[in-house]
Amino acid sequence: MGYKVAVVGATGNVGREMLNILAERQFPVDELAALASRRSLGTECSFGDKTVKTQDLDTFDFTGWDIALFAIGSDATKIYAPKAAKAGCVVIDNSSLYRYDPDIPLVVPEVNPEAVDRYAKKMIIANPNCSTAQMVVALKPLHDRAKIKRVVVSTYQSVSGTGKDAIDELWNQTKGMYVPGQEVAPSVYPKQIAFNVIPHIDVFMEDGSTKEEWKMVAETKKIVDPSIKVTATCVRVPVFVGHSEAINIEFEEFIDEDEVRDILREAPGILVVDKREAGGYVTPVECVGDYATFISRIRQDSTIENGINLWCVSDNLRKGAALNAVQIAETLGRRVLKKG
Ligand SMILES: NC(=O)c1ccc[n+]([C@@H]2O[C@H](COP(=O)([O-])OP(=O)(O)OC[C@H]3O[C@@H](n4cnc5c(N)ncnc54)[C@H](OP(=O)(O)O)[C@@H]3O)[C@@H](O)[C@H]2O)c1
């Protein structure tokens, strides 16, 4: 007795990873539906060693389905997630639409698994932003030991965080740089992304920050602790997959860099790779396809009383989206639904 699971947005970057991860982790799936727009009707998607044909989300009936993993962007989610929830199917959503609704839990299973229990009010559980997910996995065990006062984070985010079109833009623009007459003008991004970095992700807010930066602040507060102050600068870099973050943490009490290393080594979801030599740290290309959030470059910040600096890298399509969503489904199954 397993679950009837729908993957919504199965032809997208995140949806494809959801299918891979459900199969890899042997999630107890009795029946699987791969859903996307009518454009993709009949497209074959891999699910372990099987293939499934994509169905049209618009005409799909969620009645009798247990869990729907959504990865289709906020506009379409607004139309279809309430339909699924109304039909009694628990929605685990990757868009930002429901993250800040106080009646909807925002969950990173290593950090606040108990929040899943509040799913029933709206039958929806939200998945955080990719850059927040990997950061809070690292912050939580340290916060439990020495209470974090303030976090200063700069991100280096890959183009797969934007979607399929952005991956194509980086690829084609990079090739176009070498072939006269085949230059590719920016269209997904406001400036050239090949061989460049862009300090702008999502829309600008009134105070000059961007929505991506605001999300990291609001989501860290909702998932870990509202008292933590966060300031973020989010930057898009010409990397296909894998987000990196330089994180400066100020604690209420002193914590030694060796103790930070020991705590993170024991923490769920984290792999510490921290040798003070060339190559003794993780870069985005090494994290692709992995489940872990990698931590490197752990060191004391001597410019403040209780400060630590570290480098944090993770596969944004996995921990930042698909893996976290499947882990939420596993947590929901274990704590509440109890099938499988
Ligand atoms: N990429 C990341 O790192 C990341 C991290 C966290 C959260 N997210 C969120 O996850 C969602 C998907 O991101 P992605 O990177 O996978 O995007 P993507 O590669 O562009 O894929 C989008 C998917 O949504 C489907 N879709 C779009 N509009 C639809 C509609 N009206 N009806 C049915 N299906 C529709 C597409 O189907 P067709 O192929 O048929 O068009 C496709 O399967 C977004 O909300 C994004 O913000 C992404």
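Everything shown here comes from a predicted model, where local features need pLDDT of at least 70 and side-chain atom pairs count only at pLDDT 80 or more, while totals for chains, interfaces and linings use all residues. Residues are numbered from 1 along each chain as its sequence is written, and side-chain values use heavy atoms, with hydrogens and water left out.

**View 1. Helices α3 and α5 cross each other.**
Here we look at helix α3 (residues 130-146) and helix α5 (residues 211-223), whose axes come within 10 Å and cross at roughly 40 degrees. Helices are DSSP runs of H or I with at least four residues, numbered from the N terminus. The axes are lines fitted to C-alpha atoms over the stretch in contact, with angles running from 0 to 180 degrees between N-to-C directions. At that angle, α3 and α5 are therefore oblique to each other. The crossing is right-handed, meaning that the near helix is turned clockwise from the far one by less than a right angle. On the α3 side, the contact (heavy atoms within 4.5 Å) is made by Ser131, Thr132, Met135, Val136 and Leu139. From α5 come Glu212, Lys215, Met216, Glu219, Thr220 and Ile223. Sorted by class, that makes five nonpolar, three polar and three charged residues. For this count, Ala, Val, Leu, Ile, Met, Phe, Trp, Tyr, Cys and Pro are nonpolar, Asp, Glu, Lys and Arg are charged, and the others, Gly among them, are polar.

**View 2. Glu212 sits in helix α5.**
Zoom in on Glu212, and you'll find a buried residue, with a relative accessible area of 4%. Buried means under 20% relative accessible area, exposed over 50%, and partly exposed in between, using a 1.4 Å probe and protein chains only. Setting aside neighbours within four places in sequence, Glu212 is in contact with Asn129, Ser131, Gln157, Ile201, Asp202 and Cys234.

**View 3. Helix α1 meets helix α8.**
The axes of helix α1 (residues 13-24) and α8 come within 9 Å and cross at roughly 50 degrees. α1 and α8 are therefore oblique to each other, and α1 passes α8 in a right-handed crossing. The residues in contact include Val14, Met18 and Ile21 of α1, with Ala321, Ala322 and Val326 among those from α8. By class, this contact has nine nonpolar, one polar and three charged residues.

**View 4. Phe62 belongs to the largest nonpolar core.**
A nonpolar core is a set of buried Ala, Val, Leu, Ile, Met, Phe, Trp, Tyr and Cys residues joined through side-chain atoms within 4.5 Å. The largest one has 92 residues, and those with the most contacts inside it are Phe62, Leu69, Val151 and Leu310. Helix α8 (residues 318-337) gives the most to this core, with eight residues. A second, separate core of seven residues includes Ala166, Leu170, Tyr189 and Ile198.

**View 5. Ile167 is found in helix α4 (residues 164-176).**
At 21% relative accessibility, Ile167 counts as partly exposed. Ile167 and Phe240 are 73 residues apart in sequence, yet their C-alpha atoms are 6.4 Å apart in space. Beyond neighbours within four places in sequence, Ile167 is in contact with Asn13, Val159, Ser160 and Phe240.

Technical notes: Helix = DSSP H or I, 4+ residues; strand = E, 2+ residues; numbered from the N terminus. Parallel < 35°, antiparallel > 145°, perpendicular 65-115°, else oblique.
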